[in-house]
Amino acid sequence: MSIDYQLLSSYFSVHASPSATAALAQSVFGRDAVYPSGAPLAATVDSKTASLRRSFNPQNKFTFFTAATGMMQGNTLSKVLSNVLPPMGGAAGLDRVASAPFWLDLFQPSAADLAVLAQIFRIHPVCIDGLLTGDVREKCEVYDHYLYLSLATLADNAESIVDDMALRETYYHVLLFADCVITVRREPLRHTFNVLLRLLMSPGLCGDDDGTGRKQQQRAAQQPSANKRSSLLSPVAAGPSGACALAPDWVAYAVVSDMVDGAQPTLRGIEAEADELERQATGTEDLATDATEALLERVRCGTKRTAQIGRLLAAKEELIKRMLKRKFAYFQPATQVYLRDVLDRIVTMKHALAMVKETLTTAHADYHTRITWRTSAASRDSEQKMRTMSLIGAAFVPVTGISAVFGLETQVPGMPHPEAGFTDEGHIVFISLLLMMAMVAAGHVLVLRRSF
């Protein structure tokens with residue numbers, strides 16, 4: 001059985017209070033341990049985050065990390081080694097540093113830097129070409145002794161908008177070896193900082209006074225079950241001498257996980273924008289011409305960003321499925337469990353994107369329906385006004401006709417007959433004209449009534 005009945009008995013014996021449970025957890029995992037979800041047992045997140053922000057510069061060319069030395073930065077490797085070697089025992093400790101699993105992060109490396117690294121680590125020229133150009137598709141390529149991941153992510157800076165519409169993308173490259181991991185980036189992305197913070201929050205990873213791992217080895221001998229439980233909660237692997245060491249595959253997982261998590265704030269913003277657009281599209285207030293154009297522009301922007309994030313998540317989903325299906329030797333079974341968790345998060349986010357897309361489509365359709373209804377209402381109003389004007393005109397037709405009669409050269413009753421020079425036949429002509437105008441007016445009224 002894999003159940004720790006001794007720990008279960010201790011858990012049953014504690015009082016049902018958060019403080020008692022926290023004390024038990026700290027006695028098992030240590031004061032600075034973390035829950036499986038990453039939540040700290042002690043209030044150390046803020047202090048370690050602030051400490052890392054003071055010491056970490058995302059624009060340093062080289063960032064070096066091992067379990068024994070922690071994080072070291074510099075614009076040259078010689079400066080990094082000058083900080084690494086003294087606590088490791090001088091030049092004699094270089095072999096120990098080089099043999100321990102490490103993470104090397106490069107910011108804007110030159111062609112010469114990549115050429116030297118290609119010679120040291122036997123990197124294929126195709127990978128070097130992708131690292132130099134920077135703009136490649138997302139892919140996962142397997143070579144003889146390493147795994148190459150090209151990952152697209154969203155840019156961090158505020159000017160990460162293309163044409164006021166799409167989100168700007170950049171690439172983060174990962175070279176995963178059996179005993180180290182190398183990452184290459186062209187921009188000061190947040191992922192390096194976030195992964196370093198997770199590493200610093202891991203229990204027992206960088207807590208030795210001398211950096212040799214002897215204290216972890218002694219604690220492991222005294223509390224083997226506790227050490228086993230700690231290995232499930234942190235990116236720590238057992239080194240050749242039994243000391244704690246960095247797990248390179250965990251760093252690769254953490255980079256992918258942080259990219260997926262980094263898209264969630266953008267997704268939440270698009271969700272809020274879509275809900276607001278739907279409210280405005282189905283509202284009762286009238287929209288001005290400028291507001292109408294702005295609303296349509298926001299709908300188009302939300303649709304484009306939704307498609308963009310969906311494409312990024314689909315590429316990550318395909319890569320993770322490929323890594324899980326092929327059972328790469330570079331990913332340990334414990335790390336593959338983490339990858340499956342990332343895959344679940346991607347599926348959840350894709351469902352949210354589908355809802356956002358449906359909301360935007362509904363808002364767009366409702367807005368067009370609203371515009372069509374307003375256009376029809378305006379047309380009906382204009383038609384009603386034209387009918388009124390036509391009826392008024394039809395009512396004045398006989399009056400106009402009668403007034404026009406007095407301008408004709410015919411005999412009109414009441415006018416002097418002999419002096420005007422008219423004959424009696426003028427009365428017949430006048431009466432005929434009146435009858436004809438009456439018939440025309442009656443026919444006009446009948447036609448208008450049938451039409452209306």
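What share of the contacts in the chain with a separation of 6 or more is accounted for by residues 24 or more positions apart? In this predicted model, such residues account for 64% of those contacts.

**Figure 1. Overview of the predicted chain.** The secondary structure comes to 15 helices and eleven strands. The chain has 452 residues, of which 40% count as buried.

**Figure 2. Close-up of helices α6 and α7.** Helix α6 spans residues 111-121 and helix α7 spans residues 125-133. Their axes come within 10 Å and cross at roughly 155 degrees. Because angles over 145 degrees count as roughly antiparallel, α6 is roughly antiparallel to α7. The crossing of the two helices is right-handed. On the α6 side, A111, L114 and A118 make the contact, and they meet I128, L131 and L132 of α7. By class, this contact has six nonpolar residues, with no polar and no charged ones.

**Figure 3. Close-up of helices α8 and α11.** Helix α8 covers residues 191-200, and helix α11 covers residues 248-281. The two axes come within 9 Å, crossing at roughly 125 degrees. From α8, the contact is made by H191, N194, V195, R198 and L199. From α11, W250, V251, Y253, A254, V255, S257, D258 and M259 take part. The contact residues of α8 and α11 divide into eight nonpolar, three polar and two charged.

Figure 4. The relative accessibility of R185 is 0%, so R185 counts as buried; the cut-off for buried is under 20%. Leaving aside residues up to four places away in sequence, R185 touches F56, P58, N60, T63, D105, L106, F107, Q108, P109, Y171, Y172 and T192. With T192, the side chain of R185 also forms a polar contact of 3.3 Å. V174 lies eleven residues from R185 in sequence, and the C-alpha atoms of R185 and V174 are 9.1 Å apart in space.

Methods:
Residues are numbered from 1 along each chain as its sequence is written. This is a predicted model: local features need pLDDT of at least 70, side-chain atom pairs count only at pLDDT 80 or more; totals for chains, interfaces and linings use all residues. Side-chain values use heavy atoms; hydrogens and water are left out. Axes are lines fitted to C-alpha atoms, for helices over the stretch in contact, and angles run from 0 to 180 degrees between N-to-C directions. Helices (H or I, at least four residues) and strands (E, at least two) are DSSP runs, numbered from the N terminus. Contact means heavy atoms within 4.5 Å. Ala, Val, Leu, Ile, Met, Phe, Trp, Tyr, Cys and Pro count as nonpolar, Asp, Glu, Lys and Arg as charged, and the others, Gly among them, as polar. Buried means under 20% relative accessible area, exposed over 50%, partly exposed in between (1.4 Å probe, protein chains only). A polar contact is a pair of N or O atoms within 3.5 Å; within protein, one must be able to donate a hydrogen and the other to accept it, and residues adjacent in sequence count only if both atoms are side-chain atoms. Angles under 35 degrees count as roughly parallel, over 145 as roughly antiparallel, 65 to 115 as roughly perpendicular and the rest as oblique. A crossing is left-handed if the near helix is turned anticlockwise from the far one by less than a right angle, and right-handed if clockwise.
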